[in-house]
Amino acid sequence: MTKRALKRQLREGAFDGGQFEGRQFEGDDKIRRLPLDRGWSPLTHHNSNEDREQGYLKTIKAKSPGQQALIDAIDAKNLVMALGPAGTGKTYLAIAKAVEALESGSVGRIVLSRPAVEAGESIGYLPGDAEDKLAPYLRPLYDALSDRLSMKRVRALMAEGAIEIAPVGFMRGRTLNNAFVVIDEAQNCTYVQLKMLLTRLGWHSTMVVTGDPDQSDLLPEFSGLAPVSAKLEAVANIAVVRLADRDIVRHPLVAEMLGVL
C-alpha cells in the first residue's frame, strides 16, 4: 500500500493511529508529529475572559481641581453643563460616569448624542445607510466607550439597547427616562437645538452637556452653548462647571498652544 493511501485511510479512521507510532513510510526522512496537548486546559483558562474584562474596569480619578468639580457636580445634580477647552476630559469623564451608573444599576440605559457637523471642511456624501454616514461623526463616543468597556461588551449593550448613540437630529420628540444622557460637542448646537435637547430630560435621569464655546464649527452668532449656559447658571438645581487651561490633561503642548492661539 502506498504512503498516500495509508495516510488517507488513517485520516478516515480505517486504522488506529497508535499502531503506526514510531514507524516510517517510504521516502520519509523523519516523522513529524503535531502534539495533541499544547498546554491548554479548561482548568487553567476558565477565567481568561473574566481577566480580559477586568482589565477595562478602571477607577475614575480626577487629575485636576476642575475635573474633581465636574465629577462632584455629576454626582450631585441631574443636569450638568461642562464647558472648557480641548483636552480637559469633559467627554471622557461624562461617559465614564455614564458607564459607572449603568453598571451599578442606577440607570437603565446610556444615550449619547452629538451634532453631525463637519469640522470646517466638506467631506461630501458618504456611502452606505444612515448608520454608515453618521459613523465618522460619532466615532469619538465609540472611542471613549471602548476605553471603559471592552468592544465585545459595548456591542452587546448596544444590541440590547442599553447603549444608544444618536445624532442630535434624531432626538426631537423623545422623553429620556431612567437614562444617563451625554450631549457632546454642544458648541456645534444652535440655541434652539440645545433648548430641544435639554427638555428631553425625563424622570430618574442625568444629563451632561459638554462643549468648548471657543471651538465652534458654527458662526459665533449661531452657537447656543455660551448663552444657554449663562442663563442656566442662575438655576440652583443645575451645575455649570467651567474648566480652564490648568485642567488640560492631554499633551502639555496643548495647554501651551491654547494659551497663545
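The model is predicted: local features need pLDDT of at least 70, side-chain atom pairs count only at pLDDT 80 or more, and totals for chains, interfaces and linings use all residues. Residues are numbered from 1 along each chain as its sequence is written, and side-chain values use heavy atoms, with hydrogens and water left out.

Me: What is the strand order of the open sheet of 6 strands?
Reply: Strands are DSSP E runs of at least two residues, and helices are H or I runs of at least four, numbered from the N terminus. Two strands pair if DSSP finds at least two bridges between them. Pairing in this sheet is parallel, and the order is S3-S2-S4-S5-S1-S6.

Me: Which are the edge strands?
Reply: An edge strand here pairs on one side only. That holds for S3 (163-167) and S6.

Me: Which residues stand opposite Leu79 in S5 and in S6?
Reply: S1 pairs in the parallel sense with S5 (residues 206-211) over 5 bridges. S1 also pairs in the parallel sense with S6 (residues 238-242), over 5 bridges. Opposite Leu79 stands Met207 in S5, and in S6 Ile238.

Me: Why is strand S1 largely enclosed by the rest of the structure?
Reply: Buried means under 20% relative accessible area, exposed over 50%, partly exposed in between (1.4 Å probe, protein chains only). Leu79, Met81 and Leu83 point one way from S1, Val80 and Ala82 the other way, and all are buried. S1 (residues 79-83) is largely enclosed because the buried count is 5 of the 5 residues.

Me: Is Arg114 buried or exposed, and which side chain does a polar contact of 3.4 Å join to the side chain of Arg114?
Reply: Arg114 lies in strand S2 (residues 109-114). Its relative accessibility is 10%, so Arg114 counts as buried. A polar contact is a pair of N or O atoms within 3.5 Å; within protein, one must be able to donate a hydrogen and the other to accept it, and residues adjacent in sequence count only if both atoms are side-chain atoms. At 3.4 Å, the partner of Arg114 is Asp184.

Me: At what angle do helices H8 and H9 pack?
Reply: Axes are lines fitted to C-alpha atoms, for helices over the stretch in contact, and angles run from 0 to 180 degrees between N-to-C directions. The axes of H8 (residues 191-198) and H9 (residues 225-232) are 8 Å apart. The packing angle is about 50°.
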